Amino acid sequence: MTLLSFLAILLVGVGAGFINVIAGGGSLLTMPMLIFFGLPSAVANGTNRIALMAQNIVAIASFRKHGYFDWKFSTMLAIPALIGSIVGANFAISLSDEVFNRILSVVMLLVLAIIIWKPHKKLSNGPTADTLSRKIGLIVIFFFVGVYGGFIQAGVGFIIIAALTMVSGLSLVKINSIKVFVVAIYTLSALVVFIINDQINWGYGITLAIGTSIGAVLGSKFAVQRGEKWVQRILIVSVLIMAGKLFYSSL
């Protein structure tokens, strides 16, 4: 790794961590950035998981400290997500770079639309998820959340928030505490799949993890309305450029 690539990855990591706290969608920057630096798609996908693990571990500790953590309910959702992520990660590894990059570029645009219109924020809280049928429904939903997260990850937080908002009566703070735990657990299982298949660049991954951790700290201090608007504008422009380049290069 050159000094230039180290600084670039570190800075993008800071930006992604900052965006994840303020607006969400940081992987929309880190994934294509790793690909642009020459990593094969599967290696970029696996390397990105190191940063995600670091960021979510920090977030879990923060929620526990403030008393917003529900181990029992979070674990119930994390187990099917973990199983699903193994399926998704193996599928991601099996695809060619061209096909994966094309899928990623389309997913980036779809997640960008979610970021702009925020349909998950327009949902009203459903009844508390305390009945057997709702619990079974959530288990099924989170299996597929895990499949998607293991496969491509980008924007999975919006899916989790939308699912829990529709089915549960939990507050947004508690939903976010569940989200970071579920993502951390299934990311660990997906990371193992990528490690076993030698699809990790440790230098890039650790550098990115340092950057996202710094960005998360900075983002938590900058979480004001004006900040969110400006970050989203920068994210929109960046994602449009990178999605276009990814799709074009995969043709």
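Predicted model: local features only at pLDDT ≥ 70, side-chain atom pairs only at ≥ 80, totals over all residues.
**Exercise 1. State how many helices and strands the chain has.**

Solution. 
- Helices (H or I, at least four residues) and strands (E, at least two) are DSSP runs, numbered from the N terminus.
- The chain has 10 helices and 0 strands.

**Exercise 2. Find how the axes of α6 and α7 cross, and which residues meet.**

Solution. 
- Helix α6 covers residues 132-151 and helix α7 covers residues 156-167.
- Their axes come within 11 Å and cross at roughly 175°. Axes are lines fitted to C-alpha atoms, for helices over the stretch in contact, with angles from 0 to 180 degrees between N-to-C directions.
- Therefore α6 is roughly antiparallel to α7 (angles under 35 degrees count as roughly parallel, over 145 as roughly antiparallel, 65 to 115 as roughly perpendicular and the rest as oblique).
- Contact means heavy atoms within 4.5 Å. Residues of α6 including L138, F142 and Y148 meet residues of α7, among them I159, I160 and L164.

**Exercise 3. Decide whether Q55, W202 and D198 are buried, partly exposed or exposed.**

Solution. 
- Buried means under 20% relative accessible area, exposed over 50%, and partly exposed in between (1.4 Å probe, protein chains only).
- Q55 lies in helix α3, residues 41-65. Its relative accessible area is 15%, so Q55 is buried. Leaving aside residues up to four places away in sequence, Q55 touches G17, N20 and T212.
- W202 lies in helix α9. At 45% relative accessible area, W202 is partly exposed.
- D198 sits in the loop between α8 (172-196) and α9. With 62% relative accessibility, D198 is exposed. The phi of D198 is near 55°, a positive value in a residue other than glycine.

Methods: Residues numbered from 1 in each chain as written. Heavy atoms only, no water.
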